[in-house]
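Thank you all for making the time this morning. I would like to walk through one model with you, going from a whole chain down to a few individual residues.

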Amino acid sequence: MTLETMADGPEGAATLSGPGRSLTSSRGAKVDIAFRFALYASGILVLVVIGAIMVQLFFGGLPALLAFGFEFFTSTEWDPVSDQYGAGVMLYGTLVTSVLALLFSVPASLGIAFFLTEVAPIPTRKPIGIAVQLLAAVPSIIYGMWGFFVVAPIMKEYVQPILIDGLSWLPVIGYIFAGPAKGTGIFTTSLILALMILPFMTSMYVEVLESVPGVIKEASYGVGSTTWEVFTTVSVPYGRTAIIGATMLGLGRALGETMAVAFVVGNAARISTSIFASGATISSQLANNFNESLPGSLLQASLLELGFALFVISFLVLALARYLVRSRLQG
Amino acid sequence: MSRYKRRLFTDNLMQVVATGLAVIALALLAWILVTLFAKGFHSLSVNTFTQPMDAPAGSSGLANAIVGSLIMVALATVVAAPIGVMAGTYLSEIGGNTKLANSIRFINDVLLSAPSILIGLFVYNIAVKPFHGFSGIAGVMALGIVILPVVVRATEDMLRLVPGSLREAAFALGAPQWKVITDVMWRAARAGIVTGMLLALARAAGETAPLIFSSSGAQAWTFNLTKQMSNLPVTIYQYAQEPAQDKVDLAWAGALIITLGVLLLNISSRAVLAGTGRK
């Protein structure tokens, strides 16, 4: 009896005992096909989900785009009373808070990555790394509460008055640091965002820096470089592409972060030159206003269009980040 | 200062700065935890875990929100984790480097980092608006979409760590692919896959943004998945903005519960992985 007849024959025709029979029976072959199909379908589902998200946001926001045209993205007016909506304020708030957050967290993350890969005694590296990663596991709403109840009052009492007194008299730059000190606002939001993306970026940086071949680092030490020089002239340049990618991933997270921002950004639909002023981001605007909008209203369409804009921005940033990270870590 | 001394000085300075930054990061983590304990612990009581939010003032707790969260997170895991494991298995065992597999991988990474509030908007559009109301089912869908990409990624990564010789040995015995995958591959990668699920669960348990527009919240006990469903994150979000101090206190108590739960899940998932001797 050949394998083929065994596989094609009825159940009883396969005379091998034990698992061998079921392995080659026609039922086994059918199971195999069904199983592969289930795996395939699950994989496709991932594509379907993101496709559906994109389509829903696009068509959901279409009425707003039709009503206001592309001026929707530049207009700074957001007025539910006269039913006029523009994304300008939120786009500005989203970009400014995220870029400021990067400004704070990139040097800090690189520093901690330097500490974790070169400075810290080897037995302490793993526990500290894990502790830093636990920072990333804390839900964002906790950062929001902590930011609102603990950080914002400190900013209002101590940090912002000092910065305002010290810097607001300067020409031009002074506008950026103009008062009053409210505690909440763009600046505090950026700090909280920086803290939230810091652990994530740090662990990505560490991963990149650990992939630098020991030989080239040793070569640099061999010609007399200090630890810091090896880090800045060998390790970082070697992992440059992936480090930029990891930074973009951090930016992607900051752009879409919602709950923490909703607590501390101040939620004011206007643009101010001062970084201490209240503002709004796309996500905070959605969190605070969406449940008050009626299905089918222009307000809801505008909010969905905001969501679509956030989706497109995040998608582009994440796509670029992934391209940069993968090309280095796998290449 | 000589050039040599200056270089040494820079090196020492930067090492100190880097150490300082790490200390600050750890101190901030400690600060958050201390704040949570300081503000949340004293408002924890038996009532917190036994009484619903709409119980008479003074004795109200968070029991309905805790149970609602547990129900939704559990259901979301039950629905999304198997799909995630299968999709991850597809990527590792069947898809390989084909165009389709690479685009699924790419899309999954995007979904992994995509703003979770957009998931909330999406679920609102497909499951809340058509049925004219928030529902637990919508909440489960939203959390499921949060969980899915985490499990897909973990499964693929863990299956790739299984030595190829194990897979080949199973095939050489004549086992069909489904047997190789279920009996050999999944078994070998079990600890890693479970870790991925725990991490996904931890992430879903703390997610607030996807729930605001899907399940929303409720004051009373809720067991009907077709109605608004109470849950911990949305409760914290709403109560933290209340002027009444007892509600803010409850929000802190909820924040403490959720953070401890999430950190515990994270630490235990690491323990699961460490237990198998892999890093």
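Predicted model: local features only at pLDDT ≥ 70, side-chain atom pairs only at ≥ 80, totals over all residues.

For chain B itself the pLDDT averages 91, and 98% of the residues score at least 70.

In terms of secondary structure, chain B consists of 12 helices and zero strands, and its C-alpha atoms fill a box of roughly 70 × 65 × 35 Å when taken along the principal axes. Of the 279 residues in chain B, 52% are buried.

Turning to chain A, we have a division into domain 1, covering 3-68, and domain 2, covering 86-329. The centres of these two domains of chain A, taken over C-alpha atoms, are separated by 40 Å. The contact between them involves 11 residues of domain 1 and nine residues of domain 2, and on the domain 1 side the classes come out as nine nonpolar, two polar and no charged residues.

How many residues does each chain bring to the contact between chain A and chain B? Chain A supplies 70 residues and chain B supplies 71. On the chain A side, the element that gives the most is helix 3, residues 26-68, with 20 residues, and by class that side of chain A is made up of 49 nonpolar, 17 polar and four charged residues.

The largest nonpolar core has 182 residues, and the members touching the most other members are I112(A) and Y205(A), along with L118(B), V123(B), I147(B) and V151(B). If we take V151(B) and leave aside its neighbours within four places in sequence, its contacts include A80(B), A81(B), G84(B), V85(B) and G88(B), and also G196(B), M197(B) and A200(B).

A proline deserves a moment here, namely P149(B), which lies in helix 6 of chain B, residues 136-161. Is P149(B) buried or exposed? P149(B) counts as buried because 25 other C-beta atoms lie within 10 Å, where the cut-off for that class is 20 or more. Not counting residues up to four places away in sequence, P149(B) touches N108(B), L111(B) and L112(B). Between the C-alpha atoms of P149(B) and P56(B), which are 93 residues apart along the chain, the separation is 42 Å.

With 11 other C-beta atoms within 10 Å, D83(A) is exposed. N267(A), likewise a residue other than glycine, has a positive phi near 50 degrees, and it is found in the loop between helix 12 (259-264) and helix 13 (282-289) of chain A. N267(A) counts as partly exposed, with 19 C-beta neighbours inside 10 Å.

That is where I will stop, and I am happy to take questions.

Technical notes. Residues numbered from 1 in each chain as written. Chains lettered and ligands numbered in written order. Core = buried A, V, L, I, M, F, W, Y, C linked by C-beta atoms within 7 Å. Buried ≥ 20, exposed ≤ 12 C-beta atoms within 10 Å, placed from the backbone. Contact = placed C-beta atoms within 7 Å. Domains from an automatic or database assignment. Nonpolar A, V, L, I, M, F, W, Y, C, P; charged D, E, K, R; others polar. Helix = DSSP H or I, 4+ residues; strand = E, 2+ residues; numbered from the N terminus. pLDDT = per-residue confidence, 0-100.
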